[in-house]
Amino acid sequence: MPLKFFIFPLIFLLCFKSIQAQNCNLKISGIIKDLHDSSPIFGAVVRINGSDILTQTSEDGLYFFNQICPGKLIFVVEHSNCNSVQREVILSENTTLNFTLEHHINELEEIIISDNTLKSLKGSTKESRLNSDQINKYSSQGLADALNTLAGVSTLKTGNSVAKPMIHGMYGSRVGIVANGIRLQDQEWGADHAPTIDLNSFENIQLVKGASALKYGGDTPGGIIVLSPSKLILKDSLFGQTIINASENGRGGSISTKIMKTTSDGYYVSSQFSGKQFGDLLAPEYILSNTGVKQMNISLKLGRSKILSGWEVNYSRFQNEIGILRGAHIGNIQDLLRALKTDVPLRIDPFTYLINSPKQEGVHQNFHFTYFNQTSNKAKWQLDYNYQANTRKEFDIRRGIPASTPAIDLKLQTHNFLVNLKWKTKFSMDYEWGVNGILQDNYSNPNTGVKRLIPDYLRYQIGSYFLGAYSPSNSFSWDWGIRLDQNTWDVQKFYNVSDWEERDYAVLFPDFDVQQFGNKLLVNPKLNFLTLATQTGISIILGEQFSASLTYVLSQRSPNASELFSDGLHHSLATLEYGSLSLEKEISNKILLNFSKNKGRFKGTLEPYVSKISNYIFIGPTGIEQTIRGAFPVWQYDTTNASFWGVDAGVDYTFSEQFTFDINASYTYAQDLINREPLISIPPFNSSQILKYTSPKKKFDLELVNHFVSFQNRFPEMNFTVNTLQDGLIIEELVDISTPPSAYQSIDFNFSLYFNLIKQSTSSISFIVNNITQTKYRDYLNRMRFYADDIGRNFQLQFIFSY
Amino acid sequence: MKFFLNIQHKTLYVLLSLIIISCSKEDPEPINEEELITTVQLTFRAPGITDQIVRWQEGSNNSDAISLAANTQYEVGIIFLDESDPSDIEDITEEVKEEADEHQVFYEFSQLNIGLEQSSSDTLDSNQNPVYINSLWNTSEVGSGTVRVYLIHEPVTKSSSTRDGFAGETDVAVDFLITIE
């Protein structure tokens with residue numbers, strides 16, 4: 001296949017002017033980027049054919065020549081992982097020549113489609129990213145921990161190992177996770193579930209703040225996290241990587257290994273395996289009993305890419321078992337008060353690897369088939385089918401029932417179809433149009449002996465989107481998109497007769513089929529939501545160093561299953577949580593700005609945003625329900641209007657080749673406009689500072705990281721009282737679940753040594769210490785804060801072997 | 001563009017509805033809730049006095065009041081029932097006895113001086129601690145107050161004189177008024 005033939009048309013041609021005087025002092029500079037994701041390519045060789053003039057790109061992908069003679073020259077750009085690119089240029093003056101290299105054969109077709117744009121996922125929306133080195137560092141932890149290093153991302157925890165990424169104060173259904181081009185369907189069941197995905201299967205993580213990736217859905221006002229697998233090389237090769245971690249805290253570790261075989265005729269096959277196990281974790285002063293974790297992930301991929309068409313099949317299976325702190329399982333408010341009053345968890349057992357109840361077990365299986373075809377050099381279509389099966393079991397401490405019987409046993413199956421068409425026109429316009437159909441089936445196993453938390457349902461979603469991007473020059477781009485989705489729910493849920501009547505559902509929903517079983521009603525709610533999303537943005541490059549972008553996003557989200565139907569006792573907060581059938585779609589308007597200085601010793605970004613959300617869905621206390629365990633606060637999902645604003649900022653300063661200093665900081669303000677109070681669980685101001693030393697020739701590096709999280713002084717008051725008996729008297733005591741914990745600071749240290757086991761593949765050994773000073777702290781966004789301190793110091797050794 | 005979208009919508013609706021028809025859902029089974037306790041019942045027995053039975057039942061909101069005689073020893077028995085299905089009442093006390101090591105019944109009194117003692121007919125756990133399913137209450141002077149009845153699951157210790165001392169999770173916490181005459 002004459003590859004050059006396809007690559008050549010993509011090269012954008014710049015600055016053709018007639019030749020002027022013959023003096024050899026022209027300056028040629030430019031940037032070499034990855035065509036797939038616009039990331040700068042480091043170490044690419046740029047040379048002028050027929051001469052011995054050559055240079056290499058810096059870490060920012062930049063190159064520079066001076067003293068070049070005018071005339072007709074052929075530039076060649078080469079990189080070990082890429083196909084080389086040639087361009088013939090007639091030079092008459094100082095010129096900027098930018099190149100895009102392709103080292104991902106799957107995306108090769110885009111070369112033809114978008115020949116003169118250097119497009120990111122969506123041009124105007126600022127994205128942050130994690131590369132494979134940063135991902136590897138968090139190999140033994142989770143997705144949320146890795147993303148937490150980016151400004152504007154926090155982690156919401158409902159257990160020491162149950163962590164969800166939070167963007168601009170939003171999480172769960174308001175943040176989309178896209179793996180291999182398809183939305184992950186596992187956030188339907190509510191806040192207590194971490195994304196069931198293994199970081200080690202991916203090599204690039206992009207964070208798109210503000211939901212402008214409408215291709216993946218229009219319902220995520222927080223943002224979208226896009227996980228991409230490793231890139232392909234179109235040549236015969238076999239390579240792999242193994243990462244081994246050993247941690248002192250939790251006396252555990254992880255192993256992850258992946259191997260990939262590619263052939264020059266476009267076939268590729270890859271497999272990945274990872275496993276991890278930790279025992280009970282340690283806070284600075286005690287054991288966090290029952291916080292062990294086990295996890296296993298396997299994925300297989302087979303495909304063929306023939307540039308103009310290609311297919312891929314992949315399968316992955318993720319399984320985990322997570323212990324929930326024993327001291328956090330409580331029976332009533334009095335138990336909660338007792339836990340709040342003591343500094344130390346009420347139950348501390350000796351260290352063990354055993355994971356007992358309360359615990360969660362999850363399995364996520366994913367099957368994906370994709371096919372693409374480039375019908376002409378102006379159009380390409382792609383077909384995706386994805387099947388996800390997600391099971392979750394939660395085990396509580398129970399009486400008279402074998403420990404192997406879960407209290408929650410759910411199975412969610414999702415079929416996802418996507419047809420996508422891309423084409424380009426003259427006038428630098430690119431279009432993308434697609435249709436997305438989703439069929440989802442949730443099954444709640446009745447053998448638990450506990451009232452269903454989430455009912456059985458079928459959900460159908462059909463959506464269509466139309467996107468466009470206009471990039472008349474390298475320094476300006478405009479993009480826009482619109483998406484329409486119809487969501488239909490067909491639910492079968494049992495309600496207590498008394499609840500059904502108390503909430504007036506019989507009057508509000510007279511059309512729902514109802515069947516009575518004793519004191520229970522089987523109801524068949526049918527709900528419809530039509531949602532619209534639009535976005536538009538511009539991005540400009542101002543001179544050599546500065547860039548700016550402005551994005552507006554309208555997103556609408558239909559309520560999820562837990563918001564509509566939750567029904568049960570929450571064991572970690574002693575609250576009765578109820579969904580609401582009356583919820584309407586949530587409508588968010590968001591404006592994001594980005595200013596960046598991308599070059600020089602001093603680099604920085606400033607990203608302010610503001611959003612207003614009507615029908616913002618939240619859960620809050622509405623009353624008290626008397627039960628045999630005493631009075632329980634009732635929390636019910638409801639809607640309000642909310643406003644958010646905030647700033648994410650980052651500054652990098654390069655002292656010298658060896659020393660760099662980075663500061664990241666973010667602040668979020670969120671207010672409930674109807675109840676005139678702050679929203680709950682909003683990240684307080686936080687900042688991290690990183691001092692890094694890299695030895696000459698990058699033989700080793702040292703990194704010192706300081707994390708600072710301030711006290712959240714904006715919080716809603718959700719306290720209640722409980723009557724307790726003390727010294728023979730009944731007294732009323734306040735249960736303070738509202739006041740956030742104090743500010744804290746923790747320091748991490750990281751030492752990495754690099755070496756080559758095999759030519760061109762860098763392996764490393766790292767020594768990592770987290771929370772060096774054994775800081776005792778509790779985090780506002782960790783629900784375990786009511787019961788115990790956060791994790792103490794951890795020494796970790798990491799080996800990365802690339803071959 | 002809208003027109004274009006609409007057509008595509010229709011064809012996809014047809015396609016999807018075909019899939020939907022092929023996987024229609026069965027009616028879910030009602031769940032038989034297993035660990036439910038709806039009722040706490042106390043029986044007071046003393047020589048020469050008629051047995052007194054008081055109940056706390058979920059949903060009824062009011063518990064019965066207890067009336068005791070001063071300076072008397074009562075043998076107090078407790079049972080826990082699941083009466084959610086009136087045609088199939090389950091006695092949960094049996095489970096508590098079987099799992100005596102994981103359970104503790106406890107009484108806390110307010111504004112009353114009542115001595116709580118082990119009864120010889122009580123269930124003992126494997127360490128010979130009383131579970132207080134049967135207990136002895138010694139009343140003294142006349143007065144009125146409240147008793148809070150607890151069933152504690154997986155207490156940290158089995159020997160304590162206060163509710164806080166046992167820790168563990170509360171499965172039952174209900175109040176009864178007491179008058180001593």
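**Terms and what backs them**

Reply: Gladly! Strand 10 and strand 11 of chain A form a hairpin with 2 residues between them. This is a predicted model, where local features need pLDDT of at least 70, side-chain atom pairs count only at pLDDT 80 or more, and totals for chains, interfaces and linings use all residues. Residues are numbered from 1 along each chain as its sequence is written, and chains are lettered from A and ligands numbered from 1 in the order in which they are written.

Me: How do you know that strand 10 and strand 11 of chain A pair?

Reply: Two strands pair if DSSP finds at least two bridges between them. Strand 10 and strand 11 (residues 162-167) of chain A have 6 bridges in the antiparallel sense, so they meet that rule. In one of these bridges, A:Gly159 has A:Val162 of strand 11 as its partner. Strands themselves are DSSP runs (E, at least two residues), as helices are (H or I, at least four), numbered from the N terminus.

Me: Why is strand 10 of chain A called largely enclosed?

Reply: A residue is buried if 20 or more other C-beta atoms lie within 10 Å of its own, exposed if 12 or fewer, and partly exposed in between, with C-beta atoms placed from the backbone. In strand 10 (residues 153-159) of chain A, 7 of the 7 residues are buried, so the rest of the structure largely encloses this strand. For chain A as a whole, 46% of the 803 residues count as buried.

Me: What makes the radius of gyration of chain A agree with a compact globule?

Reply: The radius is taken over C-alpha atoms, and the globule rule is 2.2 Å times the number of residues to the power 0.38. For 803 residues the rule gives a value near 28 Å, and chain A has 28 Å, which agrees. Along its principal axes, the C-alpha trace of chain A spans about 100 × 60 × 45 Å.

Me: Which residues have the most contacts inside the largest nonpolar core?

Reply: They are A:Val178, A:Ile225 and B:Val172, in a core of 99 residues. A nonpolar core is a set of buried Ala, Val, Leu, Ile, Met, Phe, Trp, Tyr and Cys residues joined through C-beta atoms within 7 Å. Beyond its neighbours within four places in sequence, A:Ile225 is in contact with A:Leu147, A:Pro165, A:Val175, A:Ile177, A:Val178, A:Ile205 and A:Leu207; contact here means C-beta atoms, placed from the backbone, within 7 Å. Another core, of 22 residues, lies apart from the largest one and includes A:Trp489 and A:Trp500.

Me: What makes strand 3 and strand 6 of chain B edge strands?

Reply: They belong to an open sheet of 4 strands in chain B, in the order 3-10-9-6, with mixed pairing. Strand 3 (66-68) and strand 6 each have a single partner strand, so one side of each is left without a neighbour in the sheet. Inside that order, strand 9 and strand 10 of chain B run antiparallel and are joined by 11 bridges, with B:Val147 and B:Phe176 as bridge partners.

Me: Where does the side of chain B that touches chain A come from?

Reply: The contact takes 45 residues from chain B and 45 residues from chain A. Helix 1 (2-22), strand 6 (103-110), strand 9 (143-153) and strand 10 (169-180) of chain B each supply at least two residues of that side, and helix 1 gives the most, with 8 residues.

Methods: Contact = placed C-beta atoms within 7 Å.
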